Amino acid sequence: MKTIELHVEKRPSIGKNEARRARVNGKIPAVVYGSKKPTVPISVDRKALSDAFRSGASENAIFLLKLAGTDQSRHVMIKEMQQDPVSRKPLHIDFVRIEMTSKIRVKVSVEIVGIAAGVKTEGGILDFVTREIEVECLPGNIPKTLPVDVAALKIGDAFRVSDLSAPEGVTVMEDAERVIVHVTHPTTEKEPAPAATEAAPEITEPEVLKKGKAAAEEEPAEAEKGKEKEK
């Protein structure tokens, strides 16, 4: 992996005000730590870092930081980078020191190559299960990606960690049986079963109306009795 040189400056202190001043001047506040040495506050030129990423620097890029005004330099990697949630501009960077002669463990992205036969000719679906693989190697041997050729996969087939061809000097640290991608049957949505038709409930007259009717039916009888008395 190519090493990217960055010229950095030492910051006088760590704090919000100092970080704000650095950003105003086109710098990114950062720190360098690790290797059982003191943490050093620095600032990185924003444009220089942007140019490095535009030129193809990956997430596992190795940087050679050169401290301005000295002959000091140090190999580092980005451990964490805070970004503005809207503009995505870097707000702060944590660099960790590395030794080029000592192996390290990093996560490497999986790159899908080709179109699976099960997708192309059988209408299946490619399920991308594992997108990063942990590897161990020297910093200079970190692969940019780990390619996975899926062209031969049919429905029901899977590509596992054991099927990977790691570059020379790179050891895969994942479980050999772990699935990276597999091809599944297409999912079909079942139509909902028609709702059962319920019989309309029998409408019965309220009791109060029945009583009312009964009373109304009795009135003519009472009226007839009244006429008989008059006679």
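Mentor: Start with R178 and E174, which form a salt bridge with the closest N and O atoms 2.8 Å apart. A salt bridge here is a side-chain nitrogen of Lys or Arg within 4 Å of a carboxyl oxygen of Asp or Glu. This is a predicted model: local features need pLDDT of at least 70 and side-chain atom pairs 80 or more, while totals for chains, interfaces and linings use all residues. Residues are numbered from 1 along each chain as its sequence is written, and side-chain values use heavy atoms, without hydrogens or water.

Trainee: Are R178 and E174 buried, partly exposed or exposed?

Mentor: They fall into two classes (buried is under 20% relative accessible area, exposed over 50%, partly exposed in between; 1.4 Å probe, protein chains only). R178 is partly exposed at 35%, and E174 is buried at 16%.

Trainee: How many salt bridges does the count come to?

Mentor: Nine by that rule. Some of them link up: E9, K27 and D45 belong to a network of salt bridges.

Trainee: What does K47 pair with?

Mentor: K47 pairs with D51, with 3.0 Å between the closest N and O atoms. The two are four residues apart in helix α2 (residues 46-54), so about one helical turn separates them. Helices (H or I, at least four residues) and strands (E, at least two) are DSSP runs numbered from the N terminus.

Trainee: And what else does D51 meet?

Mentor: D51 also has a salt bridge to R54, at 2.5 Å from N to O. D51 and R54 are three residues apart in helix α2, which again puts about one helical turn between them.

Trainee: How accessible are K47, D51 and R54?

Mentor: K47 counts as exposed at 56% relative accessibility. R54 is exposed too, with 63%. D51, the partner of both K47 and R54, is partly exposed at 29%.

Trainee: Which residues line the largest pocket?

Mentor: The lining consists of V8, V32, K37, P38, V40, I42, L65, L67, Q72, S73, R74 and R97. Strands β3 (37-45), β4 (62-67) and β5 (73-83) each supply at least two of the lining residues, and β3 gives the most, with four.

Trainee: How do the residues of that lining divide by type?

Mentor: Seven nonpolar, two polar and three charged. Ala, Val, Leu, Ile, Met, Phe, Trp, Tyr, Cys and Pro count as nonpolar, Asp, Glu, Lys and Arg as charged, and the others, Gly among them, as polar.

Trainee: What about the second largest pocket?

Mentor: That one holds about 240 Å³ of space. Its lining has 13 residues, and M77, I78, K79, R105 and V106 lie nearest its centre. The elements giving two or more residues to this lining are β5, β6 (90-97) and β7 (104-113). The largest share, four residues, is from β7. By type, the lining has six nonpolar, one polar and six charged residues.

Trainee: Where does A116 lie, and what is it in contact with?

Mentor: A116 is in the loop between β7 and α3 (117-120), and at 2% relative accessibility it counts as buried. Leaving aside neighbours within four places in sequence, A116 is in contact (heavy atoms within 4.5 Å) with L126, V150, A151, L153 and V183.

Trainee: And I180, buried or exposed?

Mentor: I180 is buried, with a relative accessible area of 0%, and sits in strand β13 (residues 179-184). Beyond four places in sequence, the contacts of I180 include V110, F128, V148, F159 and L164. I180 and S162 are 18 residues apart in sequence, with C-alpha atoms 9.8 Å apart.

Trainee: Last topic: what is the average pLDDT?

Mentor: The average is 84, and 81% of the residues score at least 70; pLDDT is the predictor's confidence in each residue, from 0 to 100. Residues 208-223 have pLDDT below 50, with two contacts in the model beyond near neighbours in sequence. Residues 225-231 also stay under 50, with zero contacts beyond four places in sequence. Where pLDDT is low, the predicted coordinates should not be read in detail.

Technical notes:
1 Å grid on protein atoms, 1.4 Å probe; cavity = no way out; pocket = protein on both sides within 12 Å on 5 of 7 lines; lining within 4 Å. Points joined across faces, edges and corners; volume = space filled by probe spheres on them.
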